[in-house]
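This report describes selected local features of one protein model. Please consult the sequence and the structure shown below while reading.

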Amino acid sequence: MQTRRHLTEAEISAHTPMMQQYLRLKQQHPDTLLFYRMGDFYELFFEDAEKAARLLDITLTTRGQSSGEPIRMAGVPFHALEQYLARLVRLGESVVIAEQVGEPGATKGPMERAVSRIVTPGTLTDAALLDDRRDALLLAANLHRGVLGLAWLNLANGDLRLMQCPSDALQAQFERLRPAEVLVPDGLALPLLDALAPAQRRLADWQFDAETGARLLTTHFGTRDLAGFGVEDLPVALGAAAALYDYAQATQRQTLAHVTGLVVERESEYLRLDAATRRNLELTETLRGEASPTLLSLLDTCVTSMGSRWLRHALHHPLRERAEPAARHAAVAELAGAAEGEMAVAGSQGTSLALSGRDGRIAFAVRSALRGVADVDRITARIALRSARPRDLSALRESLVRLPELAAALGPCRARLLAEIVGALAIAPEPLDLLQRAIAAEPAAMVRDGGVIAPGYDAELDELRGIQTNCGEFLMALEARERERSGIPGLKVEFNKVHGFYIEVSRANADKVPDDYRRRQTLKNAERYITPELKAFEDKALSANERALAREKLLFDQVLDVLAAHIPALQRIARALALLDGLAAFAEAALRYGYVQPRFVDTPGLNIVGGRHPVVERQVENFIRNDARLAATRRMLMITGPNMGGKSTFMRQVALICLLAHVGSFVPADAAELGPLDAIFTRIGASDDLASGRSTFMVEMTEAAAILHGATERSLVLMDEIGRGTSTFDGLALAFAIARHLLEKSRSLTLFATHYFELTRLNADYPECANVHLDAVEHGHRIVFLHALEEGPASQSYGIEVAALAGIPAAVIRDAKRRLRALENREIDAGPQADLFASLPEPEDAPLSHPVLTELADIDPDALSPREALERLYALKRLAGDATA
């Protein structure tokens, strides 16, 4: 049965009553897996069951029939729902949860059910489904006449942002944002979008309407218009926002109270990093797609998950305007315990700050206090969405208790940014007071389990709990009082399941019972009575547990109502905590690895002394530091040297130092001065893009074209071995022309690594092109890489020596060396490019060929056993005799 096809009411009516209920719910969510609660299981039916069985590896069964066909079904236990949801979300699937909302037996038909949750990859708020250290963004993309409009929402913290940019920036923006789910118009056909966003949901084109977006957002924020948010000139992005807001609200089935602001991003705010640059620099993911070793894995010593997410975001968003990074530098300096400028001195002396007398006491105190802080960011969102659980509130309470300790740790600091953080950590006393009074010290995981509200907070709840826990004490006290009141020493207060609570008096004392006693049962030798007090207690006792749970639910909801009024303050605190944790991680890296405070200057260029690659230096025993200097009179470094000599590492470390400085971190160098930058471009390595039908060379040229079109005189450009994917002369010609364009037109700050030694002649015509090289020396039959950058061009590439290190057979290496000598001695014919693999003439000074010499040259004495060596010697003697004869 194809339930995704829209069924008519007549077709639905042909099914059993329960299947009719299921199909009507399914009609409302045709493209989503429907989990239908039945007792202790969530069941899936028909094609949903088949799909879930395949994705979750659960059993697919067939039970009975409906409308003449078997009912295919699969199910999961209700208590294990979250783990199955997590697996489906990771696979990019969306799920609708239909719960039982009616009372058993309330109707003649099946129990009433209704949709309680819609779970999609981009609308997650539950801690069990979210990655603690990564944001799950819901993004809507809209395209109109070459203009790309983006709107994205982090539902887990309420951060809503809009942006408009040229359509060719699509890949770069997706690489930057990494959305978990993407909403696109049904009529938009972009093959690149399909490759970038596997978790896609197609919506009707009319939902991407700018006027609708403006109306929805003004209604949400309660404003007359959106002028205060700066979105008047972003109609395409507003169209995306319309679809985004409507979809998010539909999945949450309520207003988005924690979305308290709207931020418009401009491309000019950040250093431009295209998709290739983000990959090549391995900021948060290696080229192999692994989480480490990367820049993030090195720097992420954050104590809180909020700090880790801030750090990930910061690494992908280096700021172009340098005032904010400079403020972060000043804050890091104070956290690390150094006055401004002292960090650079310690680093230039090659010592860590701990060894230079700076022990990072403030950073240590801050990190110690942060260890008791929970994910305030996401807890606040769950409070707003009414999905917070008891332990969320207890964790929030413990976090708020830590705020004075954090403020005290930052008390001695004078940095502007740290002072702002202290101010942001302030909150009215009511939320903490409420949480301390209302929430138990160790609450249950769910409200339905009870034990959530603290004793003493609510008298009625305490009484209901007292009835459950102190029932025996109450009955004994009542019995003692009634004996004294009635004067009947044998009076008993007892209970049975048939008659409930009662007071039993012997028949002989029946005339002594007080007037308010009402007969409940007559026995042969006794009478049983009930009093108004005992009746009230009975009503309470028999329903105490149920009423206590209902009372706790009511009180818990009231606590959420009160906390909802403090959502903006809690969001401000969460942002301050995340920033502080990220800055403390920067201070930790500076202390541990000997990083220095960079200095921003207005002069174009950069001057790095003793620079290191932050990740590579942690992977090797002795990392060689190198200087890098670029200026208006030295705009390009033409880098030559052997394979594996460190050219790519040197280039990447320069880019990473610049990026870290603009993020607000200290940098791995002895000293660093950086002029204005607007972008970092890289063209390093390449591979086939078979899905798009592009060869390695085509990928390389596409990336180079993007650089040539986008680079300015304030851009840092890394070009690594451009032109190697085609014939030698074509590649050399392209590399030469590209280098000239970067020098003449772009005038960007360029690191240009090449094996084409002909390019080293460029500095004769362009003095701003400086030749440098990473050297190596031959030691015996091996090559030793020095990894030190020197002025001037390299003497050779040592490609054959590197091939030998890679394990190429010795015979192949010898043959390559002979061919290399012949190529070097051969003059290139004029005209078309010569065939490098044509038959080569022997060098003029080569000895006459002899079969014995040829055979002898192919022998590897180290690879022969004594017996084999003797046999080869006899063979050579025979061969010499034959040649002489």
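## Cavity definition and basis of the model

On a 1 Å grid over the protein atoms alone, a cavity is a set of points where a 1.4 Å probe fits but cannot get out, and lining residues have an atom within 4 Å of a point. Grid points are joined across faces, edges and corners, and a volume is the space filled by probe spheres set on the points.

The model is predicted: local features need pLDDT of at least 70 and side-chain atom pairs count only at pLDDT 80 or more, whereas totals for chains, interfaces and linings use all residues. Residues are numbered from 1 along each chain as its sequence is written, and side-chain values use heavy atoms, with hydrogens and water left out.

## The cavity

A search of the whole structure finds 1 cavity of 30 Å³ or more. The largest cavity holds about 30 Å³ of space. Its lining is formed by L298, L299, T301, A585, E588, A589, R592 and Y593.

Helices (H or I, at least four residues) and strands (E, at least two) are DSSP runs, numbered from the N terminus. Helices α10 (295-299) and α23 (567-593) each supply at least two residues of the lining of the largest cavity, and α23 gives the most, with 5 residues. By residue class, the lining divides into 5 nonpolar, 1 polar and 2 charged. In this classification Ala, Val, Leu, Ile, Met, Phe, Trp, Tyr, Cys and Pro count as nonpolar, Asp, Glu, Lys and Arg as charged, and the others, Gly among them, as polar.

Buried means under 20% relative accessible area, exposed over 50%, and partly exposed in between (1.4 Å probe, protein chains only). In helix α14 (residues 361-370), the buried residues are I362, A363, V366, R367, A369 and L370. Seen down the axis of α14, these buried residues fall within an arc of 160 degrees, so they line one face of the helix; the arc is that of the directions from the helix axis to the C-beta atoms. R361 and F364 are exposed on the other side of α14. The buried residues of α14 pack against α12 (323-335), α17 (403-409) and α23, where contact means heavy atoms within 4.5 Å.

Helix α12 contains E334, which is buried, with a relative accessible area of 15%. Leaving aside neighbours within four places in sequence, E334 is in contact with I362, P412, C413, R414, A415 and L418. The C-alpha atoms of E334 and L410 are separated by 9.3 Å, although these residues are 76 residues apart along the chain.

## Helix α21

Which residues of α21 are buried? They are L475, L478, E479, E482 and S486. Seen down the axis of α21, the buried residues fall within an arc of 105 degrees, so they line one face of the helix. The face turned away from the buried side of α21 carries the exposed residues E473, M476 and E484. The cover over the buried residues of α21 includes β14 (492-496), β15 (500-506) and α22 (532-564).

The 16 residues of α21 (residues 471-486) should span 22 Å at 1.5 Å a residue, and the end C-alpha atoms are 22 Å apart, which agrees. The expected span is 1.5 Å times one less than the number of residues in the helix. G487 follows α21 and has a positive phi, near 75 degrees.

## Helix α2

Buried in α2 are M19, Q20, Q21, Y22, L23, L25, K26 and Q27.

## Backbone features in loops

The peptide bond from S292 to P293 is cis, with omega near 0 degrees. P293 lies in the loop between α9 (275-280) and α10.

R178 has a positive phi of about 50 degrees although it is not a glycine. The loop between α5 (170-177) and β10 (181-185) holds R178, which is partly exposed, with a relative accessible area of 34%. E721, also a residue other than glycine, has a positive phi near 55 degrees. E721 is found in the loop between β24 (715-720) and α26 (728-746) and counts as buried at 15% relative accessibility.

Definitions and conventions: 1 Å grid on protein atoms, 1.4 Å probe; cavity = no way out; pocket = protein on both sides within 12 Å on 5 of 7 lines; lining within 4 Å.
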